[in-house]
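Here is a short tour for someone meeting this structure for the first time. Please keep the sequence and the 3D view at hand.

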Protein chains: 2
Amino acid sequence: MSTPTTRPATLDDVARAAGVSRSTASRVIAGTGFASPAARDRVAAAADRLGYVPNQAARALVRGAGVRLVVAVSGADATVLDDPYVDRVVGAAAQVCAPHGVGVALEWLSLRAPAGLRRLGEDRSVCGVVLVNTTEPVLAAVPTGLRGRVASIGIGSAAVPSFDVDNAAGAGAVLRHLYDSGRRRIAMVTGPRWLSCAGRSVTAYRALMRAADLPVRLVAGDFSAARGGRAALEAVTRWPDTDAIFAASDATALGVISALRGRGIGVPGDVAVAGFDDIPYAAVSTPALTTATHPVRRIATAAATAVLDGRRVPPVTAFPSTLVARESA
Amino acid sequence: MSTPTTRPATLDDVARAAGVSRSTASRVIAGTGFASPAARDRVAAAADRLGYVPNQAARALVRGAGVRLVVAVSGADATVLDDPYVDRVVGAAAQVCAPHGVGVALEWLSLRAPAGLRRLGEDRSVCGVVLVNTTEPVLAAVPTGLRGRVASIGIGSAAVPSFDVDNAAGAGAVLRHLYDSGRRRIAMVTGPRWLSCAGRSVTAYRALMRAADLPVRLVAGDFSAARGGRAALEAVTRWPDTDAIFAASDATALGVISALRGRGIGVPGDVAVAGFDDIPYAAVSTPALTTATHPVRRIATAAATAVLDGRRVPPVTAFPSTLVARESA
DNA sequence: CGCACACCTGAGAGCGCTACCACCACAAGC
DNA sequence: GCTTGTGGTGGTAGCGCTCTCAGGTGTGCG
């Protein structure tokens, strides 16, 4: 028993079966140009009967379109690719791309980057690039060949539309909540220093603290739980009267809570803790985490859609972020 | 200022620049067949100088290879695609595929499935399929055209190699830990009933309970935190003397803890809770979650690699799972 | 009746690449 | 001398599709 494996039908097969030319079949399948209702029906029926599926590779080749959308993540080393945040971006992008016959690839972009980006620009099978964790040097290195086919999640530039949550609004909502519940010695565990978009919530924190004539207490984090825990201990050691900690991410906040607990500090009794992201586990942590929403999926979907469309789309740098008040603050 | 946008170099450009024929250039770039060292050098230099990147679409077309790996997730509806677990699989797959010039697409497979799978088999631009959350009916519907290009994360079949964590070992390790710490009324919150691979840990639970002459107390969950919480309350209501709950996933366990706390039940004081997965947040939950590891990334990497290789690879249905004893049990 | 102007169709070129085959030069063997 | 390699090379046929362009076949109008 060999494998006759009736090879998948091609457009020619469909055309032959429908009794029309390849051109007509193509027009019907692609939905471009004219075709009589009769021809349309016959082709559709034949395609259905033969289980015809267009070959995206061939289509892309002739249209010069590209079959891959690359999610390019900047970072010190390739381990950034294992991040749950990156996974979510890739998942959302893959979902957006699937109906277009486009696949998603995940690549690491060295922080200095230029070479990697240039290669992506030269690669005709790449239909677009979504930048994650971008920095200014990376943005500056975006080749002109990528114009209109690139979007950034985080900071952007004149040539690169960016999509991001309204960091200032989210941070503001959380900090106001902290203030309203009587907290006055509010420390912040930041995101990684080299990441500009993470700086936006820091800026908002600074501004609000100054406006309220409150002390600015910054400790450096990197969005991770482990680092967040260490940063929290650093904060309460340096400023023992700290009564609230605002973490730049929920993972950080969870690490903060865990570390404070280890030190015998009650949350929210002694120190209130709030995060930023509203990850699924925030609702079921102990205590349930107060945070601000960060619609990662929607942002990634918008970015991928923008890249796929190819048209110049307006960036959206302020996806709304709303306070989710729970127990931890 | 128009857009001269010197179009990306093609193999012809490289060949011309190197003073060889397209065939020779192709041989050097693809690394197949003969080529003199001199020619090799000249072509490599020219390719480098021109920033040449092979067009995967063209390559795939002529080789009949496919440019997309599809992660197909079964479930009641398309919302399963938003799951963090799926995101991790897609992220890992995208990382594996990137060097091969292959992109990852994410699709939902209705639980009855056949049509969707047949289409994937007919699609020449699909190089392979990774099944997630597979059920027997879906497995049975895998078309012969997909033979050797499909792998499953979870259950498998004669035609579909499967990759999964050693559910029995993980569950066993957790349950033994519970037993060793004196727990005897151990309830289990299961995964979704329709998912066979989730049944494996249930089977292990049943066997161990029977062997130790302990009562079997099962409540249905679906891996989610919310449902886990409800299931936990159901369990302690039906069996008030329950002193431990084994949840089929960490998300479930977190939901369980949260719900018990809401009911004033102490963890681990009154009821010990253990999960399965060892997600990043397990280490920083309160109390820190006792669980068994589930190397999702490694499993997904193996599955994607198997599909990409195309060769008949031995399935690995028992990725080791080890106990991570923390505070919750 | 003839001409314009729809609408529709098929032939054919070619996207960038690989793979097959024919070819060349040269060395070794009957 | 002729065959038989052997390592290197170029010509060229497509992979499956889209798209332009040159034709058709009708209808409406002067």
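## A residue to start with

In which loop of chain A does A:Asn133 lie? A:Asn133 sits in the loop between strand 3 (126-132) and helix 7 (136-140) of chain A. The model is predicted. In it, phi of A:Asn133 is near 60°. That is a positive value in a residue other than glycine. Most residues other than glycine have a negative phi.

## Chain A as a whole

Chain A contains 12 helices and 12 strands. Its C-alpha trace spans about 85 × 40 × 40 Å along the principal axes.

The radius of gyration of chain A is 25 Å. A compact globule of 329 residues would have a value near 20 Å.

## An open sheet

Four strands of chain A form an open sheet. Their order is 7-6-8-9, and the pairing is parallel. Strand 7 (217-219) and strand 9 (272-274) of chain A are the edge strands. Each of these pairs on one side only. From one strand to the next, the twist averages 20°.

Now take one pair from this sheet. Strand 8 (residues 244-247) and strand 9 of chain A pair in the parallel sense, over three bridges. A:Ile245 stands opposite A:Val273, which belongs to strand 9 of chain A.

## Helices across the sheet

Which strands does helix 8 of chain A lie across? Helix 8 (residues 167-180) lies across strand 6 (186-189), strand 8 and strand 9 of chain A. Helix 8 runs at about 170° to strand 8 of chain A.

Helix 9 (residues 196-211) of chain A lies across strand 6 and strand 7 of chain A. Helix 9 runs at about 170° to strand 6 of chain A.

## Two cis peptide bonds

Most peptide bonds are trans. The bond from A:Val267 to A:Pro268 is cis, with omega near 5°. A:Pro268 lies in the loop between helix 11 (250-262) and strand 9 of chain A.

A cis peptide bond also joins A:Thr286 and A:Pro287. Here omega is about -5°. A:Pro287 is found in the loop between strand 9 and strand 10 (291-292) of chain A.

Next comes the DNA. There are 26 residues around DNA strand C. A:Ser36, A:Arg124, B:Leu11, B:Tyr52 and B:Arg59 come nearest. Of the atoms of DNA strand C that come within 4 Å of the protein, sugar and phosphate account for 59%. The residues of this surface divide into 12 nonpolar, eight polar and six charged.

Which helix supplies the largest share of the surface near DNA strand C? Helix 4 of chain B does, with five residues. Four helices each supply at least two residues: helix 2 (22-30) and helix 4 (56-63) of chain A, and helix 2 (22-30) and helix 4 (56-63) of chain B.

## Contacts with phosphate

A polar side-chain atom of A:Ser36 lies 2.8 Å from a phosphate oxygen of DNA strand C. A:Ser21 uses its backbone: a polar backbone atom is 2.9 Å from a phosphate oxygen of DNA strand C. On chain B, a backbone N or O atom of B:Asn55 lies 3.3 Å from a phosphate oxygen of DNA strand C.

How values were computed. Residues numbered from 1 in each chain as written. Chains lettered and ligands numbered in written order. Predicted model: local features only at pLDDT ≥ 70, side-chain atom pairs only at ≥ 80, totals over all residues. Heavy atoms only, no water. Near = heavy atom within 4 Å. Polar contact = N/O pair within 3.5 Å; in protein donor to acceptor, adjacent residues only side chain to side chain. Nonpolar A, V, L, I, M, F, W, Y, C, P; charged D, E, K, R; others polar. Pairing = 2+ DSSP bridges. Axes fitted to C-alpha atoms, helices over the stretch in contact; angles between N-to-C directions. Contact = heavy atoms within 4.5 Å. Rg over C-alpha atoms; globule rule 2.2 N^0.38 Å.
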